[in-house]
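Please look through the briefing below alongside the sequence and the model.

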Amino acid sequence: MKSFYLTTAIDYANGSPHLGHAYEKILADVISRTKKAMGQPTHFVTGLDEHGQKVQQGAEQEGVEPQSRCDRIAEEFKNLLDKLNISNDDYIRTSETRHKKVVSSILQDLFDRGEIYQAEYSGFYSMRAEQFLQEKDKVDGEWPEIFGEVTEITEKNYFFKLGKYKEWLLQFLEDNPNFILPSHRQNQVVEFLKEPLNDLCISRPKERLTWGIPLPFDKGYVTYVWFDALVNYVTAAGFEEDSFPDFWPADLHVIGKDILAPPHAVYWPIMLKACNLELPKQILAHGWWTSSGAKMSKSTGETVDPLELVNEYGSDVFRYFVMREMKVGQDAEFSLERFESRYRADLGNDLGNLVSRLLHMCTSYFEGIVPEHFSLSEPENVLMSKWEEAKEKSLDLFAQFQFSQGLDELSGFIRSINKYADECLPWKLAKSTEEKDQQNLKTCISTMVEALRLANALLVAVMPEVHTKINERLGLSLTEDWTKDLSWDNRLNGKQLKEKIILFPRK
Ligand code: MSP
């Protein structure tokens with residue numbers, strides 16, 4: 001079976017990681033773990049984008065070589081992945097030899113086939129955005145702030161024949177209406193393509209920038225950073241190696257909405273088409289974490305350091321928060337109050353409480369051995385049908401990458417288990433010596449254990465550590481395949497559970 005090949009954007013090596021970077025890696029990780037739980041093997045790649053002017057300037061300011069600055073930043077990003085429990089199979093850095101070789105090979109091939117040509121260009125150039133600008137980029141006659149200092153330059157450069165593929169791309173988007181998710185983003189790309197599409201300048205003269213991959217056919221130039229960075233997706237799939245067809249085409253590129261059009265939705269499909277390579281199957285563009293309403297970014301300064309929260313609450317709480325709080329595709333404002341309230345309510349009161357009181361009851365009433373249930377009545381049937389509904393809806397939502405809504409369904413089910421306990425009152429039944437009450441107590445505990453086992457199975461992708469801890473208490477091994485694990489079958493009846501555990505201590 002071909003692996004589900006899944007990538008994230010590769011982060012710029014020009015600063016420390018923040019919440020936005022962390023979120024994207026978690027989103028991709030949750031997708032990867034969900035696919036695995038659905039029985040599909042995955043190949044999940046993330047990495048670091050190391051070339052370009054900003055990286056070179058950053059190194060100059062620090063008085064170090066760009067490579068050693070990148071090495072340090074790579075460690076920082078990799079450490080974050082580790083702390084967030086990201087299960088990537090590969091980490092690609094664009095300064096690696098394997099990548100430089102692939103970029104050179106692709107450039108040479110495109111040059112040989114006349115897809116790249118040299119021309120003199122006069123125009124406006126933004127240092128900050130590392131790109132040439134056109135009149136249409138002005139807003140009210142001025143260059144917007146995002147471009148920083150804009151200068152007029154004339155120079156010889158190499159161009160990739162992007163423009164000639166415009167009609168082809170429009171047709172491709174029409175034929176593949178689900179290429180970009182959410183779908184309104186695909187419409188934006190179509191709108192973007194209604195404007196003239198110029199050829200893409202893919203070179204930077206070495207006098208201006210040395211920190212890049214040299215053009216194989218003209219050593220006086222290095223490759224434009226986006227042309228270099230996008231190629232990482234085929235490098236990591238083993239381009240020109242025997243294993244390439246095992247991974248390519250990518251099944252999903254996960255990226256932020258800021259880098260959809262033009263890089264991922266226009267340059268990349270056209271680059272692949274020009275190289276006679278298959279296009280990725282889908283691109284998922286997520287929204288932004290904002291702080292005081294503005295995109296959280298290094299330049300605005302107001303960033304959230306994910307490590308602080310992970311160190312205090314653990315990676316699963318952080319993962320749960322970002323996945324629950326942000327509807328994929330939309331923006332979300334970060335607030336510590338929201339974070340704390342999700343921790344207290346969804347995790348502490350609902351899930352944590354259920355686990356600790358259920359294990360406590362099972363230990364004190366039955367020495368930890370899950371009792372056999374007796375005949376099921378209305379409350380059990382209601383809970384079972386709630387499970388069927390929550391399972392169906394959340395699996396469907398997870399499959400569409402709607403994790404926030406899927407987790408909402410799951411939280412609803414966890415609350416239903418607590419509600420069931422409040423109706424059956426096992427702590428009261430335990431005090432009764434009546435035969436009927438003792439039977440009801442057994443049914444109640446057995447039902448709650450089964451409901452918890454099932455709810456926990458659905459948590460595997462978002463909270464892998466909590467999932468493992470709960471399974472360990474229930475005497476189960478790790479959930480690997482949902483097709484086997486999601487049916488209500490009271491498989492734990494007669495099994496020994498472990499003592500209670502406090503998963504989310506009060507802060
Ligand atoms: N290096 C390029 C990507 C090249 S991919 C071939 C880049 N790097 S970045 O570091 O600026 O951003 C990396 C990813 O993080 C992007 O997908 C970007 O959208 C995402 N985020 C950066 N800030 C963000 C938020 N405030 N919120 C959510 N994600 C955002 O772009």
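Strand β6 and strand β8 (residues 200-201) run antiparallel and are joined by two bridges. Strands count as paired if DSSP finds at least two bridges between them. Helices (H or I, at least four residues) and strands (E, at least two) are DSSP runs, numbered from the N terminus. This is a predicted model, in which local features need pLDDT of at least 70 and side-chain atom pairs count only at pLDDT 80 or more, while totals for chains, interfaces and linings use all residues. Residues are numbered from 1 along each chain as its sequence is written, and side-chain values use heavy atoms, with hydrogens and water left out.

- Three strands in the order β15-β14-β16 make up an open sheet with mixed pairing.
- The edges are β15 (294-295) and β16 (332-333); each has a single partner strand, so one side of each is left without a neighbour in the sheet.
- Strand β14 (residues 289-291) runs antiparallel to β15, and two bridges join them.
- Threonine 290 is placed opposite lysine 295 of β15.

- Buried means under 20% relative accessible area, exposed means over 50%, and partly exposed lies in between, using a 1.4 Å probe and protein chains only.
- β13 pairs with strand β7 (residues 180-181) in the parallel sense, over two bridges, and isoleucine 180 has isoleucine 283 as its bridge partner in β13.
- β13 also pairs with β12 in the parallel sense, here over four bridges, and the bridge partner of valine 254 in β13 is leucine 284.

**Packing of α1 and α12**

- Two packed helices are described by the angle between their axes and the distance between the axes.
- Helix α1 (residues 19-37) packs with helix α12 (residues 315-325) at an angle of about 90°, and their axes are 10 Å apart.
- The axes are lines fitted to C-alpha atoms, for helices over the stretch in contact, and angles run from 0 to 180 degrees between N-to-C directions.
- α1 and α12 are therefore roughly perpendicular to each other, a label for angles of 65 to 115 degrees; under 35 counts as roughly parallel, over 145 as roughly antiparallel and the rest as oblique.
- Leu19, Ala22, Tyr23, Ile26, Leu27, Asp29, Val30 and Arg33 of α1 meet Phe318, Arg319, Val322 and Met323 of α12, where contact means heavy atoms within 4.5 Å.
- The residues of this contact of α1 with α12 divide into nine nonpolar, no polar and three charged.
- In that count, Ala, Val, Leu, Ile, Met, Phe, Trp, Tyr, Cys and Pro are nonpolar, Asp, Glu, Lys and Arg are charged, and the others, Gly among them, are polar.

**The loop between α9 and β12**

- Aspartate 251 lies in the loop between α9 (244-247) and β12 (252-256), and at 12% relative accessibility this residue counts as buried.
- Leaving out residues up to four places away in sequence, aspartate 251 touches Lys2, Ser3, Phe4, Tyr5, Lys281 and Gln282.
- The C-alpha atoms of aspartate 251 and isoleucine 283 are separated by 8.4 Å, with the two residues 32 apart along the chain.
- Proline 249 is found in the loop between α9 and β12, and a cis peptide bond with omega of about 5° joins tryptophan 248 to proline 249.

**Other backbone features**

- A cis peptide bond with omega of about 5° also joins alanine 261 and proline 262; proline 262 has its place in helix α10 (residues 260-274).
- Aspartate 140, in the loop between β5 (131-133) and β6, has a phi near 50°, a positive value in a residue other than glycine.
- At 78% relative accessibility, aspartate 140 counts as exposed.
- Asparagine 276, in the loop between α10 and β13, has a positive phi near 55° and is exposed, with a relative accessible area of 65%.

**The protein as a whole**

- The protein has 19 helices and 16 strands.
- Of its 507 residues, 56% count as buried.
- The C-alpha atoms fill a box of roughly 95 × 45 × 45 Å along the principal axes.
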